[in-house]
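Welcome, and thanks for taking a look at this one with me.

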Amino acid sequence: MTDPLAINGGTPVRSELLPYGRQSIEEEDIAEVVNVLRSDWLTTGPQVERFEQAFADQFGPQRTVAVSSGTAALHAAIFALGAREGDEIILPALTFCATANCVLYQGATPVFADVDPDTLLIDPSSVEALITGRTRAMISVDYTGHPCDYDRLSALCEHHDLTLVDDASHALGARYHGKAIGTLADLTTFSFHPVKHITSGEGGLIATDDEEWASAMKRFRNHNISTGFRQREINATWHYDVVGLGYNYRLTDFQCALALNQLSRLPAWLERRRQIARAYSEAFRELDAVHPLAVDADVEHAWHLYVIQLDLDQLTVDRGEVFRTLRAEGIGVNVHYIPVHLHPWYQDRLGTAPGLCPVTERAYERIISLPIFQGMTDSDVEDVIVAVNKVTEAFRR
Ligand SMILES: *Cc1c(COP(=O)(O)O)cnc(C)c1O
């Protein structure tokens, strides 16, 4: 006999909810931010370049551009590659809405590809079937922190003359066949939202080897103004040209100081995330109803998320009930993601409908994200394992 479920009045595994993700902020981070607050430059100052340079040194791209969010980074990337009305850009249906919105911001059309049933990464065969004369680019999403199949995606892009954009919001520090994420696509975007690997509160960055694109994105984040403020100060001039439609997507200096300090701790954090993932995978091996996502050989996973797929044939309830029951046990589970093409606005605007991406839609009924973040203790990890065992046992068919 197992303990009664908390949802039925039993004692929960945890009295306080364990979130699925959480930032780690230490005194050192706070001191770095305070130093910048006391300096002359709160924004467009020297910390921005320091962070951009450190990021490039750590992961290897030639150029980096820091911006105010991961969404701004995606928008800047789609701007840089020159997408416009009439162009189609292929992206996976299983992602955050921002991956599709950046395409729409530039007037182009998102086209939704299906995913692989075991990894839930964009399926290169599905991409290939969607390529038309209008296809301009493809956005890969390294969902959960697992790099996509870049051998096949790069070959497809080369063959059809498409630009490859990697939305690597989940994959900071991941590697594919030994190569760092940030060097595998023409443009790679990152997010520094608090649930991601490192944070600047809000923030993002684009990595590329293309110098012209990098310059264009630096203008784009600053209203598409031709020169920077500091440059004008040095040259003793007020004159500048607006050379296109731009935005204010600047990242502040105190945010860059925070991100820079966080970056130095990333290797240890990645190791902790890998430990947690190993503990889960080990523990769930014997559970028939729980299938962790597959991990390919020769990748280094960054473990932004730990996603399981439920085998609903082994359970008496659906995913919603498992989700609510785990929440009642104090486990802050989540679902990543509602397929983008099923949200009402995209259905109205793009004419998408259920049935468009069957593998994604089937997976969506089965996925749950378990808590994973560097600050989790061994006992937090154990609580998640106990709760998943308790709940799947209680609902076993
Ligand atoms: C977090 C995230 C974004 C957006 O990043 P923000 O910094 O929140 O704007 C985009 N795509 C994916 C896959 C994400 O996880």
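Two residues are in contact when they have heavy atoms within 4.5 Å. Leaving aside neighbours within four places in sequence, Gln 47 is in contact with Val 36, Asp 253, Cys 256, Ala 257 and Leu 260. A note on the basis: this is a predicted model, in which local features need pLDDT of at least 70 and side-chain atom pairs count only at pLDDT 80 or more, while totals for chains, interfaces and linings use all residues. Residues are numbered from 1 along each chain as its sequence is written, and side-chain values use heavy atoms, with hydrogens and water left out.

Gln 47 belongs to helix H2, residues 46-59; helices are DSSP runs of H or I with at least four residues, strands are E runs of at least two, and both are numbered from the N terminus. Gln 47 counts as buried because its relative accessibility is 15%; buried means under 20% relative accessible area, exposed over 50%, and partly exposed in between, with a 1.4 Å probe and protein chains only.

**The two domains**

The domain assignment, which is automatic or from a database, gives domain 1 (27-263) and domain 2 (266-394). Their centres, taken over C-alpha atoms, are 26 Å apart. Where they meet, 40 residues of domain 1 are in contact with 39 residues of domain 2. Together they bury about 3200 Å², 64% of it on carbon and sulfur atoms; buried area is the accessible area (1.4 Å probe) that two parts lose on being put together, summed over both. On the domain 1 side, Phe 112, Thr 144 and His 197 lose the most area to domain 2, together 19% of what that side buries.

**Salt bridges**

A salt bridge is a side-chain nitrogen of Lys or Arg within 4 Å of a carboxyl oxygen of Asp or Glu. That rule gives 15 salt bridges, but zero between domain 1 and domain 2.

| Pair | Closest N to O |
|---|---|
| Glu 28 and Arg 265 | 3.8 Å |

What links Glu 26, Glu 28, Asp 29 and Arg 265? A network of salt bridges joins these four residues.
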